[in-house]
Amino acid sequence: MILAAGTGSRVGAGSNKVLLPLGDRAVLAWSVRDATALDDVRRVLVVVRGGEQDVVAAALQPHLGGAEVGVVEGGASRHASEWAALRALQPLIDTGEVDVIAIHDGARPLAGSALFAATIAAARDHGGAIPVVRLPGLLARDGRVLPPELDGVQTPQAFRAATLLAAYTSAAADGFEGTDTAACWSRYSDLPVAAVPGAPANLKITFPEDLATALRLA
């Protein structure tokens with residue numbers, strides 16, 4: 001599941017930032033190609049804003065090869081978009097054809113296939129998995145130096161599919177929305193979330209200079 005229902009407000013795009021060019025393809029196409037390169041990925045589902053299904057499909061089509069990629073309309077929040085995608089995947093989850101779901105932010109184009117593979121494998125072993133990267137040199141708002149062992153959370157995050165669907169079904173009944181997938185998982189599941197090593201290059205495209213940085217790292 002690749003989330004691509006955001007905007008380009010902070011990057012100054014005036015449109016969905018995942019459709020901006022990064023080298024020879026759109027930002028979104030990088031992570032879609034990484035995911036489809038894995039042998040055990042059955043399908044990739046891209047979650048988009050309403051009205052952008054055709055433009056997203058057109059941006060991805062030249063880079064898909066024979067991969068199966070679907071497009072589904074998301075919601076007003078990250079959680080709502082994930083819930084929409086989970087409902088679309090429910091038939092495959094119920095039959096056991098999909099055992100693990102990886103959720104990735106389409107604005108992170110440089111995650112790489114190896115990180116997808118590592119989080120999926122850890123989710124199969126533990127229940128859930130998130131990539132983390134050490135964040136040294138952080139300061140609190142009051143100027144205090146924060147502990148050096150703090151980690152930042154990246155995507156893709158991966159989880160056992162049936163348990164994740166059950167968690168989001170319970171969240172919908174309660175009216176709960178998490179800030180990321182792991183928040184909902186931790187609230188409604190007893191299974192652990194394992195940490196796997198992320199990478200500093202797995203940056204999120206947020207500001208205009210991030211595109212130039214990502215192109216140098218690609």
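**Exercise 1.** Is Glu 52 buried or exposed, and which residue does Glu 52 form a salt bridge with?

*Solution.* Start with the surface: Glu 52 has a relative accessible area of 12%, so this residue is buried. (Buried means under 20% relative accessible area, exposed over 50%, and partly exposed in between, using a 1.4 Å probe and protein chains only.) Now look for the partner: Glu 52 forms a salt bridge with Arg 49, and their closest N and O atoms are 2.6 Å apart. (A salt bridge is a side-chain nitrogen of Lys or Arg within 4 Å of a carboxyl oxygen of Asp or Glu.) Arg 49 itself is partly exposed, at 26%.

A quick word on what you're looking at: this is a predicted model, where local features need pLDDT of at least 70 and side-chain atom pairs count only at pLDDT 80 or more, while totals for chains, interfaces and linings use all residues. Residues are numbered from 1 along each chain as its sequence is written, and side-chain values use heavy atoms, with hydrogens and water left out.

**Exercise 2.** Which residues are linked with Arg 124 in a network of salt bridges?

*Solution.* Take the pairs in turn. Asp 40 and Arg 124 meet through their side chains at 2.9 Å, N to O. Asp 40 sits in the loop between helix 1 (27-36) and strand 4, and Arg 124 in helix 4 (residues 113-126), so this pair ties together parts 84 residues apart in sequence. (Helices, H or I with at least four residues, and strands, E with at least two, are DSSP runs numbered from the N terminus.) Next, Asp 99 pairs with Arg 124, with closest N and O atoms 2.8 Å apart. Put together, Asp 40, Asp 99 and Arg 124 make up the network.

**Exercise 3.** Why is strand 4 (residues 44-48) largely enclosed by the rest of the structure?

*Solution.* Check its residues: five of the five are buried, so strand 4 is largely enclosed. Then check each face: Val 44, Val 46 and Val 48 are buried on one side, Leu 45 and Val 47 on the other. Finally, find the neighbours. Strand 1 (residues 2-4) runs parallel to strand 4, joined by three bridges, with Ile 2 opposite Val 46. (Two strands pair if DSSP finds at least two bridges between them.) Strand 5 (residues 69-73) also pairs with strand 4 in the parallel sense, over five bridges, and Val 71 stands opposite Val 46.
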